[in-house]
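Subject: Structure handover and notes

Hello,

Please find the structure below, followed by notes on what turned up in it.

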Amino acid sequence: MGSMTKNKALRWAVPIGVVAVVSAVAGFSQLASAQPDLPKRSASQLLMDLEQARLDPLSGTIVQRADLGLPPMPGASSELSSMISGTHTLRIWYGGQDKVRLALLGTLGESDVIRNGKDLWIWSSQQNKATHYDVPADSKPSFTDPKELPKTPQEAADAILGALDPTTVVSTGGQVKVAGRPAYELILAPRDRASLVGSVRLAIDGDKHVPLRVQVFSKNAASPAFEVGFQQISFDKPGEEHFQFKPPAGVQNVPGKEDKEEEPGRRELEPKIVGTGWTSVLTAKVDVKKEAPGLLGSLGTQASGSWGTGRVISSKLFSVLITDDGRLFAGAVAPEKLYEVASK
Amino acid sequence: MSVASLAGTGRFFRSELLLIFGRRRNWLGLAILAVVPVIIAVAAKVNAPGEDEGGFFGGITTNGLFVALAALSVELGFFLPLAISTIAGDAVAGEANQGTLRYLLTVPVHRTRLIAVKFAALVVFAATAVLTVVGTGMIAGLLLFGGGKMTLLSGTEIGFWGGLGRVAMVSGYAAVCLSALAAIGLFVSTLTEQPIGAGIAVLILYIVSQILDTIPQLSAIGPYLPTHYWFAFGDLLRDPVSFNSAGPGLLSAGIYTLIFTTAAWARFATKDVTS
């Protein structure tokens, strides 16, 4: 009887074994993904690879994470404006310059941006709305995101490389695996220590030389404040059906022209750049009554100084100041630097 | 397994189903589950959601199938887990409480088989509960709004039968998730002789898991919570179908089911049945 009870107590080994196996498999898959072995390449070689890389047709899943120290945006997870905080998953199909589909996956919703030739559609399942824009057939795809955050690694890398100048230290990191593919890492760090940005890390595919991941670290932070990268990627040409969009019956179908014409006053509010490199500050005139109830109203805090009073958003990577008399200052710097510019 | 014992298992399984579906209180529970889709359909008929209303509720007026999806997304939050927790908590503890467990074991039923049959019956109940919600939702929706093309989350329209297929996939996914909760419930049920206590404990586990999942600071543990992927069934309504979250969801449900059915089996084998 004693051995019987003992044998039966041994049964606990089964559920415990299941837990052990699951955690072992999870742990091992993380360990195994850390050992790529690519021939060495210098930082400048990598930069050139990037510049010469032709973006072949591809499809895949992109995960974007923002940990900017901002509160989550109110609203559904599938809305484009929610992307400034939290984790978001996008599906991408890229068939060439004029055939792109991006889908932002929310829990029970989805927003799609579909470019096919001269048609650009923006679909929102939460708003049950399809918006159509006409684009000249030869123009580059433009995703009119309200926050203008780069959504594909290529877009993000282009934006950063455009900003590259003598203000930046460029170096290589170790080799990493992104979306199961071995990749080089290129590290860009601002020389100016006043910038909130600590470094920008680009993972560049070892074979195709396209950016697979972009991470932006704030100063003294071990984990990225902003990250966009492929979770899964395939270089097979995606089928034509992904780029076909016909607005479903019974939804609002809006031609997306009017909101540009709606604000004729916008033209005179040309933004200016003060300073250079990583610590440059963007200044602009804004209509406070129009902007304040929006993003700033929900994220900003009240601030005042010799420059007057206003609202300020302070995140890990950038700060934005809007004064009550309608001036906007933004940059990858601490709010103090913005106050300094504002009081001039 | 010999033919005789196979037949015995079949008989036992049938009597187990009779135990669950023969009870008036369980019928009442299913009836409550069925009321919600009817309310949703009637409400949408009386006061149609606006054109700019998205999601499942917005789709109801164009396709009755959306009543089923809207009802499922509402009930998966509380009513369905409540039903599963109650029945699963009752599975072993209920019999122990009424003193029937002792008799069940004297008719030589192997304890392993007893746990297996109990779990199989719970899976049948989970599927029935989901079908009750989805079925009444579809009937009410199609009667009031008719069928037709279904607009997927990606903005693509598919035909009625395709839409029906998607609803079936969503139902299957929900049933798998609820079965994992049933496995946890079965284990809890072997720990006590108080069926109500077991049911409440499972419901509390469910709610705590949901709450932890919404705390941004705890997002690192989110994917390991049993309920994290429950609403990932939206993935099955995209074009093309995505398994980005639904895949891990099925895996997570499978792992939880395996851990807790074997834990229930281990616990029940060593349990002293005195009452």
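A crossing of two helices is called right-handed if the near helix is turned clockwise from the far one by less than a right angle, and left-handed if anticlockwise. By that rule, helix 7 of chain B passes helix 8 of chain B in a right-handed crossing. Please keep in mind that this is a predicted model.

Helix 7 and helix 8 of chain B

These two helices pack at an angle of about 145°, with their axes 8 Å apart. On the helix 7 side of chain B, the contact includes B:I115, B:F119, B:V123, B:A127 and B:L142. Helix 8 of chain B contributes, among others, B:F160, B:L164, B:S171, B:L178 and B:T190. Sorted by class, the residues of this contact are 19 nonpolar, 3 polar and 1 charged.

Helix 7 and helix 5 of chain B

Helix 5 spans residues 79-98 of chain B and helix 7 spans residues 111-145; they pack at an angle of about 160°, with axes 10 Å apart. Angles over 145 degrees count as roughly antiparallel, and helix 5 and helix 7 of chain B are therefore roughly antiparallel to each other. The crossing of helix 5 of chain B past helix 7 of chain B is right-handed. From helix 5 of chain B, the residues in contact are B:L80, B:A83, B:I84, B:I87, B:A88, B:A91, B:V92 and B:E95. They meet B:I115, B:K118, B:L122, B:F125, B:A126, B:A129, B:V130 and B:V133 in helix 7 of chain B. The contact has 14 nonpolar residues, no polar ones and 2 charged ones.

Helix 7 and helix 4 of chain B

Helix 4 of chain B, residues 65-75, packs against helix 7 of chain B at an angle of about 145°, with the axes 6 Å apart. Here too helix 4 of chain B passes helix 7 of chain B in a right-handed crossing. The contact is made by B:L65, B:V67, B:A68, B:A71, B:L72 and B:E75 of helix 4, and by residues of helix 7 of chain B including B:G137, B:M138, B:G141 and B:F145.

Cavities

The count comes to 3 cavities of 30 Å³ or more. By class, the lining of the second largest cavity has 9 nonpolar and 2 polar residues, with no charged ones.

Backbone details

A cis peptide bond joins B:D239 and B:P240, with omega about -5°. B:P240 sits in the loop between helix 9 (195-214) and helix 10 of chain B. In chain A, A:N128 has a positive phi of about 55° although it is not a glycine. A:N128 belongs to the loop between strand 5 (119-124) and strand 6 (129-134) of chain A.

Regards

Methods. Residues are numbered from 1 along each chain as its sequence is written. Chains are lettered from A and ligands numbered from 1 in the order in which they are written. This is a predicted model: local features need pLDDT of at least 70, side-chain atom pairs count only at pLDDT 80 or more; totals for chains, interfaces and linings use all residues. Side-chain values use heavy atoms; hydrogens and water are left out. On a 1 Å grid over the protein atoms alone, a cavity is a set of points where a 1.4 Å probe fits but cannot get out, and a pocket is an open set with protein on both sides within 12 Å along at least five of seven lines; lining residues have an atom within 4 Å of a point. Grid points are joined across faces, edges and corners, and a volume is the space filled by probe spheres set on the points. Ala, Val, Leu, Ile, Met, Phe, Trp, Tyr, Cys and Pro count as nonpolar, Asp, Glu, Lys and Arg as charged, and the others, Gly among them, as polar. Axes are lines fitted to C-alpha atoms, for helices over the stretch in contact, and angles run from 0 to 180 degrees between N-to-C directions. Helices (H or I, at least four residues) and strands (E, at least two) are DSSP runs, numbered from the N terminus. Angles under 35 degrees count as roughly parallel, over 145 as roughly antiparallel, 65 to 115 as roughly perpendicular and the rest as oblique. Contact means heavy atoms within 4.5 Å.
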